[in-house]
Amino acid sequence: MEKKQIDFVTHPQGVHMVGDGFRVHNFIPQVDGLGRYDMDPFILLDYNALMHVEPGVQRGVGPHPHRGFSTVTVAYHGSVAHRDSKGNHGVIHAGDVQWMTAAGGVLHEELFEKEFASRGGDFQMVQLWVNLPESHKADAPSYQAIRHEDMGFYALPGGKGVVEVISGEYKGVAGPAKSVTDLSLFNVRMGKGAAADFAFPKENTTALLVISGAVEVNGVDVPQDNLLKFKRKGEEFNVVATEDDTVVLLFSGKPLNEPIYGMGPFVMSNHEDLVKAFRDFGNGKFGEM
């Protein structure tokens, strides 16, 4: 196999609030080279870099709609309580993942978990939106609560790290998440000097975000909070931790190669369905909370 070519490395550019609690950097689609077609099937990546939450009341994002994609929330520090108009609810803590497939439409709420909000503490999370093919955009919404202990684990040589498999497969270890798209999502946790090799089809959209520490990827340095995007050329690459307590979120997916019509919380495959999403929301077809 051919070495995977690196496109570029980028740092967080700008910050904005999502609701009244989440302070995020948007990588996808706002950074040049990370547009929705560039990153297909990944259509949004919001990164709440490590911050400290002062003790107080619950804050976050109140009820809001989604249609046409899945939201994948990966927790590193802190706790978030969530519920939706289909009756799903729960809490994700550090290490957990919440995988919500909005598909045909759902209302959703995300707030700091009550006890976490009361005591305060460190908070760090990633939310990734994964587009659904047109043939699945009208499916019934579904929800997957993925606890840290339920993930697939591959121990790196020498006991210097682990690959946590959320979705897809790594060296025979499968993740628990179910997706209608061809998608790999891993947390790679490494001590200084640890190394891991990966390979994905060259046509895949593949990228990684350094959550903590720093890595060298095929000889290129990537510091904390930076995102590395690969070209759709080559398959293999090597990740080496250059600091202790390094954590990397790695994601790769096969592009859908379908039209993308997105506005706000709706991402559809044509203009007519986008208009219909707004109309259905206005007519109360997403349920109540």
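Modeller: Buried means under 20% relative accessible area, exposed means over 50%, and partly exposed lies in between (1.4 Å probe, protein chains only). This is a predicted model, where local features need pLDDT of at least 70, side-chain atom pairs count only at pLDDT 80 or more, and totals for chains, interfaces and linings use all residues. Residues are numbered from 1 along each chain as its sequence is written, and side-chain values use heavy atoms, with hydrogens and water left out.

Colleague: Why is Val31 called buried?

Modeller: Val31 has a relative accessible area of 5%.

Colleague: Where is the place of Val31, and which residues is Val31 in contact with?

Modeller: Val31 belongs to the loop between β3 (22–28) and β4 (42–53). Strands are DSSP runs of E with at least two residues, helices are runs of H or I with at least four, and numbering starts at the N terminus. Leaving aside neighbours within four places in sequence, Val31 contacts Thr10, Gln13 and Asn26. Contact means heavy atoms within 4.5 Å. Glu54 is 23 residues from Val31 in sequence, and their C-alpha atoms are 30 Å apart.

Colleague: Which peptide bonds in this region are cis?

Modeller: One joins Ile28 and Pro29, with omega about 10 degrees. Another joins Asp40 and Pro41, with omega about 15 degrees.

Colleague: What makes the pair Arg83 and Glu109 a salt bridge?

Modeller: A salt bridge needs a side-chain nitrogen of Lys or Arg within 4 Å of a carboxyl oxygen of Asp or Glu. For Arg83 and Glu109 the N to O distance is 2.8 Å, inside that limit. Arg83 lies in strand β7 (residues 80–84) and Glu109 in strand β10 (residues 106–112), so the bridge ties together parts 26 residues apart in sequence.

Colleague: Are Arg83 and Glu109 buried, partly exposed or exposed?

Modeller: Arg83 has 34% relative accessibility, so it is partly exposed. Glu109 has 13%, so Glu109 counts as buried.

Colleague: How do you know that Arg189 forms a salt bridge with Glu164?

Modeller: The closest N and O atoms of Arg189 and Glu164 are 2.6 Å apart, which passes the test. Arg189 is in strand β17 (residues 183–190) and Glu164 in strand β14 (residues 161–167), so this pair links parts 25 residues apart in sequence. Arg189 is partly exposed at 25% relative accessibility. Glu164 is buried at 2%.

Colleague: Why does the pair Lys285 and Asp280 count as a salt bridge?

Modeller: The N to O distance between Lys285 and Asp280 is 3.9 Å, which is still within the limit. Lys285 is exposed at 58%, whereas Asp280 is buried at 4%. Salt bridges with shared partners join Arg67, Lys276, Asp280 and Lys285 into one network. By this rule, the salt bridges number eight.

Colleague: What makes Ala155 exposed?

Modeller: Its relative accessible area is 57%, which is over the exposed cut-off, so Ala155 gets that label. Ala155 lies in strand β13 (residues 152–155). Not counting residues up to four places away, Ala155 touches Gly161 and Val162. Arg189 is 34 residues from Ala155 in sequence, and 9.8 Å away from C-alpha to C-alpha.

Colleague: Which residues have a positive phi although they are not glycine?

Modeller: Ala103 has a phi of about 45 degrees, and Asp245 has one of about 55 degrees. Ala103 is in the loop between β9 (97–101) and β10. Asp245 is in the loop between β23 (236–241) and β24 (246–253).

Colleague: Are Ala103 and Asp245 buried or exposed?

Modeller: Ala103 has 0% relative accessibility, so Ala103 is buried. Asp245 has 64%, so Asp245 is exposed.

Colleague: How do you know that the radius of gyration agrees with a compact globule?

Modeller: The rule is 2.2 Å times the number of residues to the power 0.38, and the radius is taken over C-alpha atoms. For 289 residues a compact globule would have a radius near 19 Å, and the chain has 18 Å, so the two agree. The C-alpha atoms fill a box of roughly 55 × 45 × 35 Å along the principal axes. Of the 289 residues, 54% count as buried.

Colleague: What does the secondary structure of the chain come to?

Modeller: The chain has two helices and 26 strands. Of its contacts with a separation of 6 or more, 73% join residues 24 or more positions apart.
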